[in-house]
Amino acid sequence: MSEPLNRETKNPLADVAASPDATARYLADVQRVLLDIGGNLEILAREIHLHCRHTHVEGDRFYDAWMRSRPVEKALKDVLKNVEGVTKGLEKSAYQRRAHDEAVAAADAKRKEKVLEKARKRNPPQLNSPQGNTGQSPQQGNVRYDEPASIYDLRSDRRSA
């Protein structure tokens, strides 16, 4: 028979993955190590540049040493670019991990809001109107603005609509 899954002893990074703060700390540590390695690789690239470009063989033209050193320098430059990309990716993943937890925390509230919004759309609130309303404007004490005035009704107290 198979053994039951014991998650506590299986993966030591499970606790780190469960917390966004622990994940950020771990990724920051990895990023520091990579930045240190990147600094050492930059120094190495400079030294390789100096050594390879100044290694001349008898009979070389002035640019032969430079041409021989280009593939080595390009390979190291690509490695440096990849290290830089990895460090940026680590930082981005730490932000994404925190955003994931915030989205999970807000998901319940968003769902409740959507349910309320759907209920509002299905049953719009009814305006309380008087029972005897037949579609005419309500009668009030001031009838100045009830109906548009005609151009022939030019009394001084009425305004045209």
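Colleague: Is Arg68 buried, exposed or partly exposed?
Modeller: The relative accessible area of Arg68 is 41%. Buried means under 20% relative accessible area and exposed over 50%, with partly exposed in between (1.4 Å probe, protein chains only). Because 41% falls between these limits, Arg68 is partly exposed.

Colleague: What kind of model is this?
Modeller: Residues are numbered from 1 along each chain as its sequence is written, and side-chain values use heavy atoms, with hydrogens and water left out. Local features need pLDDT of at least 70, side-chain atom pairs count only at pLDDT 80 or more, and totals for chains, interfaces and linings use all residues: the model is predicted.

Colleague: In what order do the secondary structure elements run?
Modeller: Helices (H or I, at least four residues) and strands (E, at least two) are DSSP runs, numbered from the N terminus. The protein has four helices and zero strands. From the N terminus on, the order is α-α-α-α.

Colleague: What percentage of the residues count as buried?
Modeller: The protein has 161 residues. The share of them that counts as buried is 12%.

Colleague: Which residue forms a salt bridge with Arg68?
Modeller: Side chains of opposite charge can pair when their charged atoms come close. A salt bridge is a side-chain nitrogen of Lys or Arg within 4 Å of a carboxyl oxygen of Asp or Glu. For Arg68 the closest N and O atoms are 2.6 Å apart, and the partner is Asp60.

Colleague: How many residues separate Glu73 and Arg53?
Modeller: A search of the whole structure finds 11 salt bridges. One of them joins the side chains of Glu73 and Arg53, at 3.0 Å from N to O. The pair links distant parts of the chain, with Glu73 in helix H4 and Arg53 in helix H3, and the separation is 20 residues.

Colleague: Is Glu73 buried or exposed?
Modeller: Arg53 has 24% relative accessibility, so this residue counts as partly exposed. Glu73 has 19% relative accessibility and therefore counts as buried.

Colleague: Which helix holds both Glu84 and Lys88?
Modeller: The side chains of Glu84 and Lys88 meet in a salt bridge of 3.4 Å, N to O. Glu84 is partly exposed at 43%, whereas Lys88 counts as exposed at 54%. The two lie four residues apart, about one turn of the helix, and both are in H4.

Colleague: What is the geometry of the pair formed by Phe62 and Tyr63?
Modeller: Rings of Phe, Tyr and Trp (its six-membered ring) pair if their centres lie within 6.5 Å; planes under 30 degrees apart count as stacked, over 60 as edge-to-face and the rest as tilted. The whole structure has one aromatic pair. The ring centres of Phe62 and Tyr63 are 5.2 Å apart and the planes stand at 85 degrees, so the pair is edge-to-face.

Colleague: How much accessible area does the nonpolar patch have?
Modeller: Patches are made of residues with over 30% relative accessible area and no salt bridge; like charges are joined within 9 Å, nonpolar side chains (Val, Leu, Ile, Met, Phe, Trp, Tyr) within 5 Å. Accessible areas come from the Shrake-Rupley method with a 1.4 Å probe, and for residues only the protein chains shown count as cover. Phe62 counts as exposed at 74%, and Tyr63 as partly exposed at 33%. With Trp66 and Met67 they form a surface patch of about 450 Å².
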